[in-house]
Protein chains: 2
Amino acid sequence: MTSKSTMREVAGKAGVSIATVSRVINSPDEVPTETVERVRAAMRYLNYRPNINGRRLKMAQTRSVGVLVPTMANPVFATSVQGIEQAAHEDGLTVLLTSSNYDPQRELGAVSTLLNNRVDGLILTLANADDNPVIDLLKAENIPFVLLFNQPARTDVASISVDNARSAYDMTQAMIAQGHTSLAMVAGRFESSDRSKQRFDGFGQALSDAGLGAARLCQVGFGETELFTPLKSFLTGPDAVTGLVCSTDMLAIAAISACRDHGLSVPGDVSVGGIDGIAVGGLISPKLCSAIQPTQEMGQQALAFLRGLIRGQANPQSLILPHQLSTGESIGPARHSSSPRL
Amino acid sequence: MTSKSTMREVAGKAGVSIATVSRVINSPDEVPTETVERVRAAMRYLNYRPNINGRRLKMAQTRSVGVLVPTMANPVFATSVQGIEQAAHEDGLTVLLTSSNYDPQRELGAVSTLLNNRVDGLILTLANADDNPVIDLLKAENIPFVLLFNQPARTDVASISVDNARSAYDMTQAMIAQGHTSLAMVAGRFESSDRSKQRFDGFGQALSDAGLGAARLCQVGFGETELFTPLKSFLTGPDAVTGLVCSTDMLAIAAISACRDHGLSVPGDVSVGGIDGIAVGGLISPKLCSAIQPTQEMGQQALAFLRGLIRGQANPQSLILPHQLSTGESIGPARHSSSPRL
DNA sequence: TTGAAAGCGATACCAT
DNA sequence: ATGGTATCGCTTTCAA
């Protein structure tokens, strides 16, 4: 075990005091070049590595930020974390990562751990941003934080998101414009995702504005990838829809798979649109309708915003970024095939 | 700013010494119930939050692990990080996350930062695990680490991966068995990913074993999503292939898109197989050939392995997990359409 | 320009 | 069962 050397040893080797070593590290300009060199040489010789924890204990700031997302298994969150990490790297900040698995209990626990680590600030995607104890806690402790993807009702918290209701509205409208008259939304449980609820509202509004009757909803639990059964009544029989508006890419992917298993081609027999636009719109096929969120950029912006809050140079506010609507040529009205095909 | 309260204040409030407060935190059983209660009450009253950095400074272990991946924008790595985070959470470990963007320079810098944080161990996915200064550094400092996805040549480092060459071999063989005689591999630059090279070797071996001549390669830089031009000579003209073996899912997705843009249907005119199996095999369509890696489980196992190394209860070794071959019914020989179609 | 010394908030040894 | 105290590695006045 190569026991780490300390400032004290470096100081000894270089024949200076630890104060000077500290200066060489933090403000080399205040030290004569010759001394700097001598100290640096000692550092190299001893393989010195500053112990950040010593510094953290002493200083007010830790130069670390906490990140909480529901899961990294969802490319949307993963990509945003990539954006955060990227920006943090440029700022020399350390990222402490946690995930909640959409569980409010774990959200609170994770944030608590992060606070014990004395992070300078937090970036969070909560299951539900309204009436959330995590936010109360953060407010009470007066810790800078910005919500990512959440669109909270209250205006005294910082957030970065797209307009969830609006993006669902726009996508639904686009699909209606393509000739769809029978649509349903596939969404996660509202308790696990306030985005789901907001998007469903936008979906309903678009239908209502088009005079298309009640909004149908297929609600599925987080983690469900098998939508064959849940979607059965939506894809077959007299009430079959011609298009599915999916709350997320992951759901869209699962829905596409379910459509195929029901013998429907996508697009063609059924159109599928996914909000997020990472996989469905961005990666897999630009031919399907999707409302694209600039996920990675949102992560970067979240960190930039957080930095402002930490410095006290910015105030909490909601930044709502424009989403980009992608309506590929494959979107079209229903053409159910009479016989299922593989 | 709610200034955080310290052990000292809690001790004062509870009328005990800080030593007792520490005991209440770390070994409550050694303290009478009545005292424990009094101290806990004081903690609640003062909203006490242990400062982990104080503990880290004092203790040998920091109960934190560093993670380095090329990018979280690749679902394969993101999913593995999810597995790591999951397992870390269960162990009460904090995860420090960094990404290298496939840049060896940044790999070294990131690891250095992680070491300054005195992480107990590291989990890394390196661009190239052979002859990598990062590994030398870690070996020299005697820091526990496990490589994830990398299959290093040297046997004195811990690693968890699937057999890259073998999975490419198997997938290629499966496609050959479906009637393909003309295949090419799409892979990233070998400098950016040793997996690419290993997979290409497996691809070449399979072709050679089948007596199918030289292995053709379309090598693309990291981040390229537009494969229309790079794949042109592979998809059109006299040397057009009937199938593409892709080194990664992300490349497979880009390749599928390029095929479509060249007027080829996938699968049908061209088959595409992607190693990884997250998106192509798992999410998008189980109909395409893919060699599936249990990505999230690999992350969990990596952490478990790392824990063993940290405790000194395990020795570095290579764990090569079985990959799962998924050959959907859509795989088939070439049937080029004479006229491009949208 | 440099150094001595006082903490930062914990842990843990050694007494009591 | 509890407390006093040295210590972890660093930053930062205040003097010299």
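1. Chain A splits into three parts by an automatic or database domain assignment: domain 1 (7–46), domain 2 (61–162 + 294–322) and domain 3 (164–292). The C-alpha centres of domain 1 and domain 2 of chain A lie 38 Å apart.

2. A word on the basis. This is a predicted model: local features need pLDDT of at least 70, side-chain atom pairs count only at pLDDT 80 or more, and totals for chains, interfaces and linings use all residues. Residues are numbered from 1 along each chain as its sequence is written, and side-chain values use heavy atoms, without hydrogens and water.

3. An unreviewed UniProt entry puts "domain: HTH lacI-type" at residues 5–59 of chain A; such annotations may be inferred rather than shown by experiment. In the model that span is 69% helix and 0% strand, counted from DSSP runs (helices H or I, at least four residues; strands E, at least two). Its end C-alpha atoms are 21 Å apart.

4. Now the interface. Contact (heavy atoms within 4.5 Å) joins 47 residues of chain A to 47 of chain B. The two chains bury about 4900 Å², meaning accessible area (1.4 Å probe) lost on being put together, summed over both. Carbon and sulfur atoms carry 47% of it. Arg49(A), Asn53(A) and Arg118(A) supply 14% of the area that chain A buries against chain B, more than any other three residues.

5. Six salt bridges cross between chain A and chain B, under the rule of a Lys or Arg side-chain nitrogen within 4 Å of an Asp or Glu carboxyl oxygen. Glu85(A) and Arg106(B) form a salt bridge at 3.9 Å, N to O.

Definitions and conventions:
Chains are lettered from A and ligands numbered from 1 in the order in which they are written.
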